[in-house]
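Open the model in your viewer and keep the selection tool at hand. We start with the whole chain, then move to single residues.

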Amino acid sequence: MEASVDEFMKYRSPLVSRYASKEMAYNFSDRKKFTTWRKLWIYLAKAEKDLGLPITDAQLSEMEAHVEDIDFARAAEEERKLRHDVMAHVHTFAHCCPTAAPIIHLGATSCYVGDNTDLIMLRDGFDILLPKLARVIDRLANFAEKYADLPTLGFTHYQPAQLTTVGKRACLWLQDLVMDMRNLQRARDDLRFRGVKGTTGTQASFLQLFQGDHDKVEELDKMVTEMAGFKKSYLVTGQTYSRKVDIDSLSVLASLGSTVHKICTDIRLLANQKEIEEPFEKEQIGSSAMPYKRNPMRAERCCSLARHLMALVSDPLQTASVQWLERTLDDSANRRISLPESFLTADIILSTLQNITEGLVVYPKVIERHIRHELPFMATENIIMAMVKAGGNRQECHEKIRVLSQQAAAVVKQDGGDNDLLDRVQADPYFTPILHQLDALLDPTTFTGRAPQQVARFLSEEVKPVLEPYNSKMDVKIELEL
């Protein structure tokens with residue numbers, strides 16, 4: 001749906017207007033929020049009726065018939081008058097349900113609909129994210145398997161180090177993503193329902209409704225919890241569920257943001273080396289001034305949004321720390337922003353990362369050239385060992401190699417030339433006994449250790465089991481659109 005002209009006269013969050021998926025945007029929409037409030041009022045009324053309160057089938061039918069037809073204009077007008085969002089929607093619902101009006105919200109407090117709806121949105125948000133994360137892991141696992149044997153320069157301190165393989169490096173990314181998968185699943189499974197607890201969490205209003213029958217109050221809580229799709233509710237709450245639940249949920253998303261930032265930073269660094277590139281569309285423009293450029297804009301977007309995602313966890317940390325006694329309302333405005341934005345941002349970076357991992361381009365010849373440039377230095381220990389086996393003196397050989405290496409390094413660093421260490425070794429009569437072995441000594445595959453075997457075992461033992469619950473959801477491809 002195109003935005004109306006009026007929409008461009010006010011700020012629109014780019015999280016929704018530019019980036020987020022339709023399902024995540026809907027999950028935190030007013031439509032989802034307020035229809036869920038109405039469903040919660042129906043669950044409460046049904047359970048109260050089943051437990052003996054004088055509520056009729058006609059009242060329930062009337063409420064069920066009006067779950068979706070919300071008069072948002074009326075609700076806004078009611079809120080302007082009442083300065084209370086929940087009561088505004090109670091009155092709006094009651095207007096279209098006159099028969100049920102006396103029993104809507106019976107015994108409940110605002111947090112019955114507010115907090116329980118938030119928990120439903122958190123749960124459903126995780127259910128949207130988990131298959132997306134699984135698809136990213138799947139695409140990256142395919143990439144790791146394909147390039148498990150392709151040698152590449154390793155880097156420590158961002159300086160050339162011992163060789164690894166392209167697939168093994170991808171497994172370092174995968175390992176963090178698999179940890180995130182487990183963290184998100186745990187946070188999702190740990191969520192409970194606030195349930196039916198009353199104004200300060202004591203259930204006093206419901207105990208009065210049921211004339212002191214504690215068993216009925218507990219059964220009411222259990223019934224509503226199950227109708228909302230939760231297995232358990234929190235046994236104790238204040239007016240709200242503990243805001244540490246929000247910390248737990250947003251912490252795992254912030255941790256995911258850290259992972260994605262690291263992966264996409266690595267891709268950006270490798271793009272600079274022209275070893276790996278993200279997908280680049282046929283008509284995509286990299287720079288308005290430099291037409292030759294192929295900027296890693298998807299990875300840059302992920303890093304940009306991941307920083308926002310990591311920063312958002314400070315909100316629930318501070319909110320939980322300042323909730324006085326049974327609750328204060330200074331949590332509300334903050335949570336309206338931090339909870340949706342965390343899930344929207346996580347949704348965006350996972351969709352973008354899936355698009356990247358589905359089209360990563362590898363340039364083996366460039367990688368090979370970089371290896372050839374550095375490998376002679378790395379092979380010096382192998383050359384020394386071969387000379388010792390051929391009858392040479394280890395210390396004498398070490399000194400020869402040291403001098404030749406310094407000379408070759410000077411050519412590279414001072415003259416801007418190519419690494420000519422091998423030419424110097426071949427020209428020195430001292431190394432004649434091993435010249436026939438040089439090709440074998442410089443075979444890059446002999447420098448990657450057990451990297452290919454590690455890839456195979458890691459994908460089999462760590463990645464495959466995590467993906468199995470999502471096998472039926474793997475076929476979705478991501479086409480990025482603004």
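## Whole chain first

Of the chain's 482 residues, 50% count as buried. This is a predicted model. Orient the view along the principal axes. The C-alpha atoms fill a box of roughly 105 × 55 × 40 Å.

Now colour by charge. The chain has 60 positive and 68 negative charges, and their mean positions are 1 Å apart. For contacts between residues at least 6 apart in sequence, 78% join residues at least 24 apart.

## Select aspartate 266

Find helix α11, residues 244-272; aspartate 266 lies in this helix. Is aspartate 266 buried or exposed? Aspartate 266 has a relative accessible area of 16%, under the 20% cut-off, so it counts as buried. Show side chains. That of aspartate 266 makes a polar contact with the side chain of tryptophan 173, at 2.8 Å. Next, pick alanine 299. It sits 33 residues from aspartate 266 along the chain, yet their C-alpha atoms are separated by 9.2 Å.

## Select threonine 237

Go to the loop between α10 (214-227) and α11, where threonine 237 lies. Its relative accessibility is 14%, so threonine 237 is also buried. Which residues does threonine 237 contact, leaving aside neighbours within four places in sequence? Select Arg194, Lys197, Thr200 and Gly201.

Conventions:
Residues numbered from 1 in each chain as written. Predicted model: local features only at pLDDT ≥ 70, side-chain atom pairs only at ≥ 80, totals over all residues. Heavy atoms only, no water. Helix = DSSP H or I, 4+ residues; strand = E, 2+ residues; numbered from the N terminus. Buried < 20%, exposed > 50% of the residue type's maximum accessible area, 1.4 Å probe, protein only. Polar contact = N/O pair within 3.5 Å; in protein donor to acceptor, adjacent residues only side chain to side chain. Contact = heavy atoms within 4.5 Å. Lys, Arg positive; Asp, Glu negative; His and termini not counted. Charge placed at Lys NZ, Arg CZ, Asp CG, Glu CD.
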